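Trainee: Please give me a close look at one part of this model: its spaces and what lines them. I would like to follow them through to the ligand.

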Amino acid sequence: MTDRTSDWSPLVTDPDGTYAQTFQDMRGRCPVAWSNDFGGFWALTKHEDVVKACKNPAVFSSAPQFTVPHLDLGFPWLPLQSDAPAHTAYRSVLTPFLAKPRIQGMVPQFRELARNLIAPLRGKSEFDASMEFAQPFAGEALCLALNVPEDMWAEFRSWTSNIVTAFSTGNLPLILEVSNAVSEYVTREIKDKSENPGDDLMSAMLQARVDGRPLTQPEIHGYYMLLTSAGHDTSSNSLGQALLHLATHPEHAARLRAEPELIPRAVEEIVRFYGPLIGLGRQAVQDVEIRGRQIKAGEQVALVWAAAARDEEQFEDANSFILDRPVTRSVSFGFGTHYCVGADLGRVQLAVAIEEFLTEFGNFELSGEVGRTIWPTQGIRNVPVRTS
Ligand code: HEM
């Protein structure tokens, strides 16, 4: 811990439960901000600085740390917790499962999933659009995309929600509990798929070679830990944000119902504007100066995607939600070599789920209190809605 004065705390949100005002203030007052939380860390809030850091893994490395706070479980969360050149091989294990043509070919399955989840909501005048639709949809769509057997879907989802809770509360025992459950699953699956290989993710991992060698069990464990968190919570939070936005902006819901071809553009704006994943981490491995602030080797640095996505120097009218804005230069899915490998899955899931929800529910409005999460996700846990 240093004796630096804290510029902000990620544990304190704006009165509305978001960080929009906080980040606007930080971009102007302390764009490279120090916080004493989580053992002390730097936060980069300007788009230009976030992009430069992503381009410079020799200074801002993902291998020692990829989250703030740092969670060291003794194995790397792959492919994120690695730097090139190893990262290229690690990432390539996932790309066939998440490639755009494959994901687009799965649209009918995602649509069926959405309709199945909507069916029991049809007769209800009130329900929780996050708990009863966004969260199960995102989890099940991820399992579908990764060919996870259906009897494991509920367990996958419980891992995700516990990992996310553990991250924001620093609850190490909870994350160890999830890690143990994932480890047991990985052990079972390795045995099963070694004997009966198929077209599923585990079989692909067993066939993969990194530097000419097979993946180790701790590495496979690390992939599953990352996928259960990065692959579910991001999409479920974005979908929750989308449904909250549409429940409180009926004019936007009406426009998307009338012009569904605008939905993909609206998805980009939702992810930019609401920044479901607030920030992830790097470790400075050399001393470096940014905007006059001295970052020392060994210090943790958060790349604050949600702040960069509203940088007034990059986006016109950055703090306004513009439904049909052509979003370019977004960093909400990251930037550079670690650019989100699941971005197409996230986008397609969101577009299908929004379209199905709008088709089914002609009118819906917010009917109670919104449940939100704090750093590192701007998550939505509850969106109670009333339909008419
Ligand atoms: C709206 C939804 C999503 C958002 C906003 C999002 C955001 C991000 C961001 C910002 C990064 C960059 C991390 C960094 O550089 O430190 C990232 C990477 C990653 N995301 Fe996503 N993500 C989403 C959906 C998904 C989905 C559905 C998957 C499913 C597999 C996924 C899996 C990953 C993985 C594995 C990485 C690491 C990539 C690498 O290291 O090469 N994400 N995501």
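Mentor: Let's begin with α16 (343–360), which gives six residues, the largest share, to the lining of the second largest pocket. Helices (DSSP H or I, at least four residues) and strands (E, at least two) are numbered from the N terminus. The model is predicted, so to speak of local features we need pLDDT of at least 70, and of side-chain atom pairs 80 or more, while totals for chains, interfaces and linings use all residues. Residues are numbered from 1 along each chain, and side-chain values use heavy atoms, without hydrogens or water.

A pocket is an open set of points on a 1 Å grid over the protein atoms alone, with protein on both sides within 12 Å along at least five of seven lines; a cavity is a set where a 1.4 Å probe fits but cannot get out, and lining residues have an atom within 4 Å of a point. The second largest pocket holds about 200 Å³, as filled by probe spheres on points joined across faces, edges and corners. Its lining counts 13 residues, with Gln104, Pro264, Arg347, Val348 and Ala351 nearest the centre. Besides α16, the helices α5 (100–105), α6 (107–118) and α14 each give two or more of them. Seven lining residues are nonpolar, one is polar and five are charged (Ala, Val, Leu, Ile, Met, Phe, Trp, Tyr, Cys and Pro are nonpolar; Asp, Glu, Lys and Arg charged; the others, Gly among them, polar).

α14 (263–274) leads us on to the largest pocket, where α1 (20–29), α12 and α15 likewise supply at least two residues each. There the largest share, four residues, comes from α12. The volume is about 290 Å³, and of the 20 lining residues, Asp16, Thr18, Phe273, Tyr274 and Arg310 are closest to the centre. This lining has eight nonpolar, eight polar and four charged residues.

The largest holds about 790 Å³; 43 residues line it, and Ala230, Gly231, Thr234, Leu277 and Cys340 are closest to its centre. α16 and α12 are among the elements giving it two or more residues, along with α3, α8 (153–169), α11 and β7. Its lining divides into 26 nonpolar, 14 polar and three charged residues.

The ligand takes up this largest cavity. Its shell draws two or more residues from each of α3 (86–92), α11 (217–230), α12 (233–248), β7 (280–284) and α16. Of the 30 residues around the ligand, His87, Arg91, Arg282, His338 and Cys340 come nearest (near: a heavy atom within 4 Å). Cys340 belongs to the loop between α15 (305–308) and α16, and its SG, at 2.3 Å, is the only protein donor of the ligand's iron atom (donors: N, O or S within 2.8 Å, or 3.2 Å for Na, K and Ca; water is absent, so sites may look incomplete).

A polar side-chain atom of His87 is 2.7 Å from a ligand oxygen, and a side-chain N or O atom of Arg282 is 2.8 Å from a ligand oxygen.

Note on methods:
Polar contact = N/O pair within 3.5 Å; in protein donor to acceptor, adjacent residues only side chain to side chain. Sits in = over half its atoms within 2 Å of the grid points.
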